[in-house]
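Visitor: I would like to go through this model term by term. Please set each value against its cut-off.

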Amino acid sequence: SDLFLLEILLLSHPLSSETLVYSLIKNLAVSLTFPLSAYFHLRNVARTRKFITDDAAKSLLHAFITSRIDYCNSLLFGVPQSSLAKLQHVQNSAARLVMRKKKYDHITPTLVDLHWLPVAHRIKFKLLLLIFISLNGMSPGYICDLLQPYHPPQALCSADASILQVPLTRLVTCGDRAFSVSGPKLWNSLPSNLRNSSNLFS
């Protein structure tokens, strides 16, 4: 899709690590809006929460909150944890609103019950999904060219382990966040049975 191609393009030119998550960020053609507008929607849903069902609350919060958290979120790979914490706080607030939890209730069981990945894991999942799509021929050739299989100089067990080559970079803050670098690193960290899978749902 156009969004997939745009996300790959932006990953080739990652945002600097000093990105502030609470503002409006524009990178090429993508505008990322963050918690300032999210809390507005959370307050509106909270006013009507007692009048709607749990499923309706989930649908509303997906439309206004989680869909925005997931929008081009792979661009946020490698940003400081302090920046991601703002997005995580928004997700935690949405989860508590759906499940009718109190402010200081432990959030992890609530996220598990909702089957919601934390923000940092959602970003990694998006990157791994983009790699899986590319490796299985569902993306243009110029995107697949960013991912090169690792060929050891000698016959090793890793030759058949579906490992990707990780290019060398100069800058950790920017170079290591490029799709051609961060993607293979994440992919190589997966168990071999997942890397060798040809079915997204197996």
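Guide: Start with Asp70: its relative accessible area is 22%. Buried means under 20%, exposed over 50%, and partly exposed in between, with a 1.4 Å probe and protein chains only. Asp70 is therefore partly exposed. The model is predicted: local features need pLDDT of at least 70, side-chain atom pairs count only at pLDDT 80 or more, and totals for chains, interfaces and linings use all residues. Residues are numbered from 1 along each chain as its sequence is written, and side-chain values use heavy atoms, with hydrogens and water left out.

Visitor: Why does Arg122 count as buried?

Guide: Arg122 has 13% relative accessibility, so it falls under the 20% limit.

Visitor: What makes the contact of Asp70 and Arg122 a salt bridge?

Guide: The term requires a side-chain nitrogen of Lys or Arg within 4 Å of a carboxyl oxygen of Asp or Glu. For Asp70 and Arg122 the N to O value is 2.8 Å, so the pair qualifies. This pair links distant parts of the chain: Asp70 lies in helix 3 and Arg122 in helix 6, 52 residues apart. Helices are DSSP runs of H or I, at least four residues long, numbered from the N terminus.

Visitor: How many salt bridges does the structure hold?

Guide: Three. Arg49 and Asp54 form one of them, with the closest N and O atoms 2.5 Å apart. Arg100 also pairs with Asp54, at 3.9 Å between the closest N and O atoms. That value is within 4 Å, so the pair is called a salt bridge. Arg100 sits in the loop between helix 4 (81–99) and helix 5 (108–114), and Asp54 in helix 3 (residues 54–70), 46 residues apart.

Visitor: Which residues are linked in a network of salt bridges?

Guide: Arg49, Asp54 and Arg100. Their accessibilities fall into three classes. Arg49, at 4%, is buried. Asp54, at 38%, is partly exposed. Arg100, at 51%, is over the 50% limit and so counts as exposed.

Visitor: What is the volume of the largest pocket?

Guide: About 260 Å³. A pocket is an open set of points on a 1 Å grid over the protein atoms alone, with protein on both sides within 12 Å along at least five of seven lines; lining residues have an atom within 4 Å of a point. Grid points are joined across faces, edges and corners, and the volume is the space filled by probe spheres set on the points.

Visitor: Which helix gives the largest share of the lining of that pocket?

Guide: Helix 6 (residues 119–135), with four residues.

Technical notes
On a 1 Å grid over the protein atoms alone, a cavity is a set of points where a 1.4 Å probe fits but cannot get out, and a pocket is an open set with protein on both sides within 12 Å along at least five of seven lines; lining residues have an atom within 4 Å of a point. Helices (H or I, at least four residues) and strands (E, at least two) are DSSP runs, numbered from the N terminus.
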